[in-house]
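Me: I am new to this structure and would like to know what lies behind the terms used for it. Please take my questions one at a time.

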Amino acid sequence: MKSKTRFKWKRQLALLCLGVLCLGGCARRAAPQTAVLTFPAQAAQEGESFSVSFDLPEGWTASAREPDAGQDVHEPLALASVTSIYDLYDAQGGLAGAVGYSPYEPYEGERDAPAVVYAAVRMGSVYRFDTEESYEVVKETDVGANAVMDVVLQEGGAGGSATLNRGVLAYDRDRAVFVAFELDAGRVTAQQQRDIAASVAFAA
């Protein structure tokens, strides 16, 4: 009887230690790092410069995309209709997303309406950020709001199949600019998308 009790106690202790180690390892893997990007990314581009900070998963990096690289609206991570794009690479070096910015024209009485702020990226018939059905604000800020949504790539027109990626949009009403993230749904989880969205902050 004592032998069975001792075995049961040791087994429970081993499982407890294994759980602690797993939690510790998961916490280390999930540790975020803060990225600070300047827009416009290239000095030759027009517009008053500003910075955006946000959290990225550990090991991720950001690299400015060459201005002449092109933005094929028929390709995921194109970020069509925004400029000054940075590509985001995960810890394995794979292309996991992209972020860019755009100015917008505020309208009297509608300066915070997503349809107004994000008109440049929400109207495309082939490629668009869904600011209606999947749009969800995750954080209100002093200068606007940060939200998550789907990014839709409609292949073959309105009747074709749709590919969905994860999107993040955040705007600064004082500067009348917004930033747009497109994240590869195969590499980025919904929680990582929300974490990035909640951490976006604008600075001079």
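Me: Which residues form one aromatic cluster?

Reply: In this predicted model, the cluster is made up of Phe39, Phe50, Tyr86, Tyr101 and Phe202. The structure holds 11 aromatic pairs.

Me: Why is the aromatic pair of Tyr127 and Phe129 called edge-to-face?

Reply: Two values decide this. The ring centres of Tyr127 and Phe129 are 6.4 Å apart, and the limit for a pair is 6.5 Å. The planes make an angle of 85°; because an angle over 60 degrees counts as edge-to-face, the pair gets that name.

Me: How do you know whether Tyr127 is buried or exposed?

Reply: Buried means under 20% relative accessible area. Tyr127 has 6% and therefore counts as buried. Phe129 has 1%, so Phe129 counts as buried too. For the protein chain of 204 residues, the buried part is 39%.

Me: Which residues of the largest nonpolar core touch the most other members?

Reply: They are Phe39, Phe54, Val179, Phe181 and Phe202, in a core of 26 residues. Among the elements that give two or more residues to this core are β1 (32–39), β2 (50–57) and α4 (190–199). A second, separate core has 23 residues, including Ala80, Ala176, Phe178 and Ala180.

Me: What does Phe39 touch, not counting residues up to four places away in sequence?

Reply: The contacts of Phe39 include Phe50, Tyr86, Tyr101 and Val179. Phe50, Tyr86 and Tyr101 belong to the aromatic cluster with Phe39, while Val179 is a member of the largest nonpolar core.

Me: What makes Asn146 count as buried?

Reply: The cut-off is under 20%. Asn146 has a relative accessible area of 1%, so Asn146 is buried. The residue lies in strand β8 (residues 144–154). A polar atom of the Asn146 side chain is 3.0 Å from the backbone oxygen of Ala197. Ala197 is also one of the residues in contact with Asn146, as are Leu169 and Val200.

Me: Why is the link between Asp87 and Arg65 called a salt bridge?

Reply: The closest N and O atoms of Asp87 and Arg65 are 2.6 Å apart. A salt bridge needs a side-chain nitrogen of Lys or Arg within 4 Å of a carboxyl oxygen of Asp or Glu, so the pair qualifies. The structure holds 6 salt bridges.

Me: What does the salt bridge of Arg173 with Asp112 link?

Reply: The closest N and O atoms of Arg173 and Asp112 are 3.0 Å apart. The pair links distant parts of the chain, 61 residues apart: Arg173 is in the loop between β9 and β10, and Asp112 in the loop between β5 and α2 (114–117). Asp112, at 33% relative accessible area, is partly exposed.

Me: Why is Glu132 called exposed?

Reply: Exposed means over 50%. Glu132 has 58% relative accessibility and therefore counts as exposed. Its salt-bridge partner is Arg122, at 2.8 Å from N to O. Arg122 is at 18%, so Arg122 counts as buried.

Definitions and conventions: Residues numbered from 1 in each chain as written. Predicted model: local features only at pLDDT ≥ 70, side-chain atom pairs only at ≥ 80, totals over all residues. Heavy atoms only, no water. Buried < 20%, exposed > 50% of the residue type's maximum accessible area, 1.4 Å probe, protein only. Phe/Tyr/Trp six-rings, centres within 6.5 Å; stacked < 30°, edge-to-face > 60°. Core = buried A, V, L, I, M, F, W, Y, C linked by side-chain atoms within 4.5 Å. Helix = DSSP H or I, 4+ residues; strand = E, 2+ residues; numbered from the N terminus. Contact = heavy atoms within 4.5 Å. Polar contact = N/O pair within 3.5 Å; in protein donor to acceptor, adjacent residues only side chain to side chain.
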